[in-house]
Amino acid sequence: MAGLQLEKRVKYKSSVKDPGTPGILRLREVMLLFVPEDPKSDSKLKVQTQNIKSQKSTKEGSNKPPWLNLTNKQGRSHIFEFENYQDMHACREFIAKALAKCEEEPKKLAVSTSAEQLSIADLELRFKLLRENSELQRLHKQFVESKVLTEDEFWATRKKLLGKDSIRKSKQQVGLKSMMVSGIKPSTDGRTNRVTFNLTPEIIFQIFAEKPAVRQAFINYVPSKMTEKDFWTKYFRAEYLYSTKNTAVAAAEAAEDEELAVFLKPDEILARETRQKIRRVDPTLDMEADQGDDYTHLMDHGIQRDGTSDIVEPHNDQFKRSLVQDLNRHAAVVLEGRSIDVESEDTRTVAEALMRVKQVSKADSEANQERLERISRVAGMEDLQAPQNFPLALLSIKDPRDYFESQQGNILNEPRGGGGLKRNIHEAYELLKASILEIKTEGLCDPLIKPEVALEVFSSLTRTISTAKNIIGKNPRESFLDRLPKPTKDQVLHHWTSIQELLRHFWSSYPITTTYLHTKVGKLKDAMSNTYSQLEAMKESVQSDLRHQVSLLVRPMQQALDAAFQHYEADLQRRTTKSVGGGGGERPNGYV
Amino acid sequence: MASVASKLYSDDVSLLVLLLDTNPFFWSSTSIKFSQFLSHVFAFLNAVLGLNQLNQVVVIATGYSSCDYIYDSSSTSNHGSLESSRIGLPALFGSLIEKLEDFITKDEELIKEEEVEDRIASSLLSGSLSMALCYIQRVFRSGNIHPQPRILCLQGSPDGPEQYVAVMNSIFSAQRLMVPIDSCYIGAQNSAFLQQASYITGGVHHTPKQLDGLFQYLTTIFATDLHSRSFVQLPKPVGVDFRASCFCHKKTIDMGYICSVCLSIFCAHHKKCSTCGSVFGQSKLDDASPVSNKKRKAPET
Amino acid sequence: MPQVKIIAKNFMDMVASLPAIKLDKLYNNVFICEAILRSLPPLAKKYVLQMLYTDVPVPGTMMEEWVLADGVSKHRVAIDRLIQLRIFSEMVDRKNQTSYSLNPTFQNNLRKHIISGGVLPREPMNSDNAIKLPSLLELETYALRQWECFLLQLINPSQGEKLAGISPSMMRIFQRGLLSQRDKDGPRLTESGFQFLLMDTNAQLWYIIREYISNAEERDVDPADLISFLLELSFHVTGEAYNLNTLTEVQKNTLKDLADLGLVKLQQGRKDSWFIPTKLATNLSVSLTDSSVRKEGYVVMETNFRMYAYSTSKLQCEILRLFARIEYQLPNLIAAAITKESLYNAFDNGITSDQIITFLQQNSHPRCADRIPSIPENVTDQIRLWEADLKRIEMTQAHFYDEFPSKDVFEAACDFAREWRGLLWEDSKRMRLVVKSEIHNQMREFLHSQSK
């Protein structure tokens with residue numbers, strides 16, 4: 001694609017009045033270049049594609065020469081006059097493609113742009129988040145302002161917070177008017193029998209979108225067989241025949257004129273599409289899928305377009321459409337929205353563009369094949385079918401004991417005492433049976449339990465309960481944290497969040513591939529050891545009765561930090577030994 | 001939690017499913033005699049039945065190689081033979097004793113065909129848990145009005161690792177049914193299964209220290225019906241250790257490597273999962289310095 | 001008490017109100033201990049169980065440790081109940097600590113019961129004895145039929161077949177308070193009679209048994225003996241036959257009465273007589289907490305005030321007739337409608353709208369009971385509205401006073417009436433006041449003393 005380029009002979013005009021400079025227009029994906037024939041001419045032009053805002057072209061068949069008007073983002077326009085329409089169309093399409101590509105590109109760029117190029121909106125969003133979330137603000141203050149983390153690093157772990165809003169900005173499609181095509185009423189001048197239809201590009205677009213058959217006919221007949229004007233006249237004649245509901249006349253005229261017949265017959269393309277759509281519908285009950293159906297194109301039922309439901313002779317049936325069909329079709333098109341983005345006055349272009357869109361969606365439908373298969377699977381009785389053979393490796397746990405015993409540690413290995421057991425089995429069972437016999441003959445032992453033992457057990461259990469109460473608090477739902485004085489509690493919570501923040505950055509920096517990461521880890525480590533000492537200090541400062549509990553709370557934090565320090569030391573050591581032994585060539589990229 | 005219908009049935013009516021460990025290996029090795037143990041348990045069951053006319057007790061024996069229902073207080077066929085009532089055994093348990101005897105005989109017969117050497121002397125806890133849940137499920141489906149069920153495991157033998165998955169599934173089923181599993185572990189070690197079962201299902205786990213006072217433990221802790229538990233405090237384990245042990249050295253670790261296929265845990269990076277055999281890619285950490293890492297790892301593996 | 005109070009909430013209140021000596025005597029019976037245990041609130045049951053094998057007083061603080069903050073009131077109730085029933089005895093030591101110990105007789109008997117299960121002093125039927133026992137289902141229908149028959153006769157002595165056992169005098173005792181005889185046109189149900197009919201079977205049974213016991217002394221029977229026999233009866237196994245020969249003469253007589261109520265079924269063997277307890281008997285000691293229905297409902301109430309009752313019972317038809325118009329009766333269905341007239345009729349008889357609504361709710365068909373609300377709201381609202389319609393004017397018997405000698409006397413009289421909560425109206429300008437009739441006497445005395 002990159003290598004593609006197009007060369008056309010054109011005349012360049014800086015304005016409509018300009019007589020124009022002849023030359024060659026070279027089109028490439030990233031830019032277009034105009035080289036005048038006269039090397040001395042200073043009208044040499046270079047336009048970056050991404051700077052082009054829009055393009056306009058004159059309509060074929062109008063009396064104007066084939067002009068292509070490019071407007072750049074600064075609002076300046078460049079007009080190129082082509083030798084013929086074919087050249088112009090080729091160029092226009094090329095630019096359209098390039099433009100489409102350009103639109104994707106900026107997104108990629110945005111990712112790589114750094115903070116300096118951050119849009120104002122993003123900054124505002126960040127400020128807003130900080131304002132709203134005091135905890136976030138504290139963290140931000142603690143780490144970013146003390147230079148432990150850079151602004152970017154801080155936000156990089158919170159993309160989700162930022163991302164939420166950016167989705168909302170997505171481009172909205174231009175909608176369609178909800179007026180129906182059939183609602184285009186002719187205006188009569190009252191004196192003659194002549195009726196006039198007013199046609200605007202928007203209406204044409206709508207007609208094409210709603211009636212693929214008309215679109216197809218347009219592409220087939222115009223301009224080869226008839227002029228655009230003739231085409232529309234014919235179309236509206238057909239429409240007029242409908243509105244009069246005179247099916248006999250319609251049938252008669254259709255018999256005479258095969259082009260007219262095209263408009264009168266039910267839309268074959270639509271029917272085909274519908275059939276396809278129906279095939280795509282999940283046969284399992286799905287209310288959502290049924291919502292937008294338009295099965296009515298296949299069956300001929302319902303009320304007539306104008307709300308009457310007069311009976312028509314059966315052989316003229318094909319010249320009759322129901323209101324329901326029209327309504328559904330219109331609704332479908334409105335829902336689809338304006339799927340093409342061509343702002344062209346040229347009817348043919350519109351028709352072709354619509355065609356392409358349809359073809360694309362047809363390709364989509366091929367992708368649907370897979371879905372169909374899935375549906376057929378679902379529709380079948382699952383439990384009656386042979387098991388699906390998924391290309392998956394089965395989980396093969398060789399010995400479940402491996403899986404489990406780790407939990408048990410070494411204790412378990414003891415009672416697994418092999419041979420001795422076998423001998424004991426029957427003795428053991430005999431013992432058991434003897435016990436049962438004993439109870440059978442003598443009854444339960446009486447006294448069941450010595451009063452002293454009972455009291456001892458009861459008081460020891462009561463002790464556990466009361467100590468548990470002291471630990472957990474009077475109310476089990478209230479955690480120990482709530483019993484701490486408020487400043488201490490806040491401090492503990494704050495330490496916890498900041499340690500999490502630090503650890504997250506710390507661990508995500510590994511493996512250290514760049515100097516940047518190296519320094520970052522260093523900074524983080526310092527900050528962490530700082531926090532560590534703060535934790536120690538806090539432990540010392542709390543009242544003695546709470547100290548044990550606080551130290552229990554602090555322990556997991558310190559353990560997490562210890563693990564990080566350990567890793568840091570080990571990594572440092574490994575790298576120093578390696579740089580001594582390994583030689584310079586093996587250093588990973590960027591590491592100094 | 002309780003539906004309106006079950007409220008109609010008085011609050012403290014309970015269905016107690018007791019899983020009785022009859023593992024011969026355990027009972028031949030422990031300090032408390034089985035007959036003494038049974039005395040305590042029978043007295044406890046009698047007490048539970050005595051608390052409310054509508055209380056129901058089901059006993060499932062958990063043997064070494066099988067498990068079976070041995071008593072159901074709601075069935076009519078268990079009103080004891082005259083013989084047992086004459087010697088002063090609770091009349092209700094005449095049939096229980098007989099069934100227990102039959103069960104043990106059958107359990108012994110089953111064991112002969114098996115290879116004993118390779119198995120830990122554990123009881124078939126998963127089986128009896130499933131049976132208890134089946135029974136409870138049937139009670140649930142019998143109508144809107146039913147007693148509140150709970151399960152009590154009286155376990156002495158160690159956990160059977162080969163039952164891990166089955167036991168865990170039972171535990172989670174119980175959790176879904178909102179059936180608490182109480183557990184009273186009288187063995188020498190500690191049962192991770194039962195600890196987890198009680199923790200997950202909101203039951204009580206306790207390890208009695210004095211086995212001769214078992215009855216006192218049972219009545220003080222485990223006789224408490226579900227309704228009363230909303231205003232009575234029962235002993236809770238001091239803490240649940242959520243840290244995992246690695247599969248390779250059985251060390252308790254804070255950080256480790258987890259097989260993405262079978263979730264086995266390792267304390268160091270391996271090339272291959274020792275549990276399921278999945279081949280691992282290079283760890284990210286090693287990517288940074290592949291050469292040095294290989295050197296470092298070589299002597300270990 | 002002007003009238004018999006129809007709150008037969010539970011039997012145990014009655015037991016608790018027995019004098020101490022009799023209560024202690026009761027605890028000599030294992031089964032009574034057991035029955036009492038069942039009747040206790042859940043927390044009290046727990047306390048008894050955990051103290052079963054301790055023989056020294058346990059400090060109250062130790063028990064309270066186990067109770068969560070929101071259960072403290074329940075703890076109080078439990079302890080109070082235990083002391084009331086003399087199961088716990090309270091001791092306060094020098095350090096002002098309260099400890100409790102179990103009643104030794106009670107404790108010993110319970111221990112015995114738990115270990116040996118207790119053996120009923122009745123001889124169960126041997127399997128070789130060839131009497132065909134009724135199936136449980138048959139027994140239940142028998143019990144219900146008997147009970148309904150009794151109720152029908154109770155509320156409508158002229159109707160229904162006569163019961164052999166219960167003497168007319170006994171019947172009259174039961175009817176006391178439920179029926180009034182003042183009119184010539186036969187006895188009519190009193191207010192409490194209607195309320196009685198709307199209660200569920202268990203509560204009705206309690207009421208009758210209560211009456212039966214309170215009447216015992218007139219028949220030269222010791223109430224404590226009777227209570228112990230009844231409680232013991234509830235430990236028999238439903239559907240098993242027991243020999244009559246172990247019973248005393250009094251017990252045999254009692255049993256005959258109970259057979260008429262449907263509590264037991266008597267069966268004559270070739271040489272021995274047997275009795276078979278029914279569910280009604282074994283449910284006697286069901287703990288107090290479940291006073292609500294356990295049986296399935298049968299009434300479907302529609303929003304158009306029509307009511308369908310799936311029932312074959314004549315009694316139930318009669319009960320519905322208390323507040324609804326029976327339209328027609330099919331073999332298994334009663335179609336009725338709630339109308340203004342039928343409700344006014346019910347209100348006249350002293351039935352309140354709340355009673356009707358609770359009755360409908362408790363007896364609503366399982367299909368309807370699942371719905372919330374089980375009775376259509378417009379129906380319940382209308383029932384309440386109609387009742388409120390009748391209560392627009394409240395009638396109070398009153399006395400009117402005027403011509404007070406001075407303002408002071410008048411005001412003193414007003415204050416006095418107010419103190420007695422009998423002041424209905426006063427007019428200080430003209431010195432007139434109206435007081436309730438109940439305090440007329442006190443008022444008169446007061447005015448006399450004032451005038452002196």
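Buried means under 20% relative accessible area, exposed means over 50%, and partly exposed covers what lies in between (1.4 Å probe, protein chains only). With that in hand, C:Lys407 counts as partly exposed, because its relative accessible area is 39%.

## Ground rules

This is a predicted model, in which local features need pLDDT of at least 70 and side-chain atom pairs count only at pLDDT 80 or more, while totals for chains, interfaces and linings use all residues. Residues are numbered from 1 along each chain as its sequence is written, chains are lettered from A and ligands numbered from 1 in the order in which they are written, and side-chain values use heavy atoms, with hydrogens and water left out.

## Around C:Lys407

Where does C:Lys407 lie? Look in helix α20 of chain C, residues 407–419. (Helices are DSSP runs of H or I with at least four residues, strands are runs of E with at least two, and both are numbered from the N terminus.)

Leaving aside residues up to four places away in sequence, C:Lys407 touches C:Ser428 and C:Met431; a contact here means heavy atoms within 4.5 Å. C:Lys429 is 22 residues from C:Lys407 in sequence, and their C-alpha atoms are 9.3 Å apart.

For the complex, the predictor gives an ipTM of 0.77 and a pTM of 0.55. Its confidence in each residue is the pLDDT, on a scale from 0 to 100. Chain C averages 79, with 85% of its residues scoring at least 70. Over residues 1–8 of chain C, though, the pLDDT is below 50, and that stretch has 14 contacts beyond near neighbours in sequence. Residues 287–293 of chain C also stay under 50.

Chain A averages 69, and 60% of its residues score at least 70. The pLDDT is below 50 over residues 286–291 of chain A, where the model has four contacts beyond near neighbours in sequence. Where pLDDT is low, the predicted coordinates should not be read in detail.

## Chain A at a glance

Chain A has 20 helices and nine strands, and 39% of its 592 residues count as buried. Take its contacts with a separation of 6 or more: 55% of them come from residues 24 or more positions apart. The chain exposes about 35,600 Å², with carbon and sulfur atoms supplying 54% of that; such areas come from the Shrake-Rupley method with a 1.4 Å probe, and for residues only the protein chains shown count as cover.

## Strands side by side

Two strands pair if DSSP finds at least two bridges between them. In chain A, β1 (residues 5–13) and β2 (residues 21–28) pair in the antiparallel sense over eight bridges, with A:Gln5 opposite A:Arg28. Five bridges then join β2(A) to β3 (residues 31–36), again antiparallel, and A:Leu25 stands opposite A:Phe34. β2(A) and β3(A) make a hairpin with two residues between them.

Chain C has an open sheet of three strands, ordered β1-β3-β2, with antiparallel pairing. Its edge strands are β1 (58–59) and β2 (88–92), each pairing on one side only. Two bridges join β1(C) to β3 (residues 98–102), and C:Pro59 has C:Ser99 as its bridge partner.

## Where A meets C

Here 17 residues of chain A are in contact with 15 residues of chain C. The two chains bury about 1,500 Å² between them, 75% of it on carbon and sulfur atoms; buried area is the accessible area (1.4 Å probe) that two parts lose on being put together, summed over both.

What about salt bridges, meaning a side-chain nitrogen of Lys or Arg within 4 Å of a carboxyl oxygen of Asp or Glu? Across this interface the rule finds zero.

## Salt bridges elsewhere

The whole structure has 19 salt bridges over all chains. In one of them, the closest N and O atoms of A:Asp571 and A:Arg575 are 2.8 Å apart. These two are separated by about one helical turn, because they sit four residues apart in helix α20 (residues 544–581) of chain A. A:Asp571 is buried at 7% relative accessibility, and A:Arg575 is buried at 10%.

In chain B, B:Asp182 and B:Arg150 meet at 3.8 Å, N to O. B:Asp182 lies in strand β5 (residues 181–185) and B:Arg150 in strand β4 (residues 148–155), so the pair ties together parts 32 residues apart in sequence.

Methods: pLDDT = per-residue confidence, 0-100.
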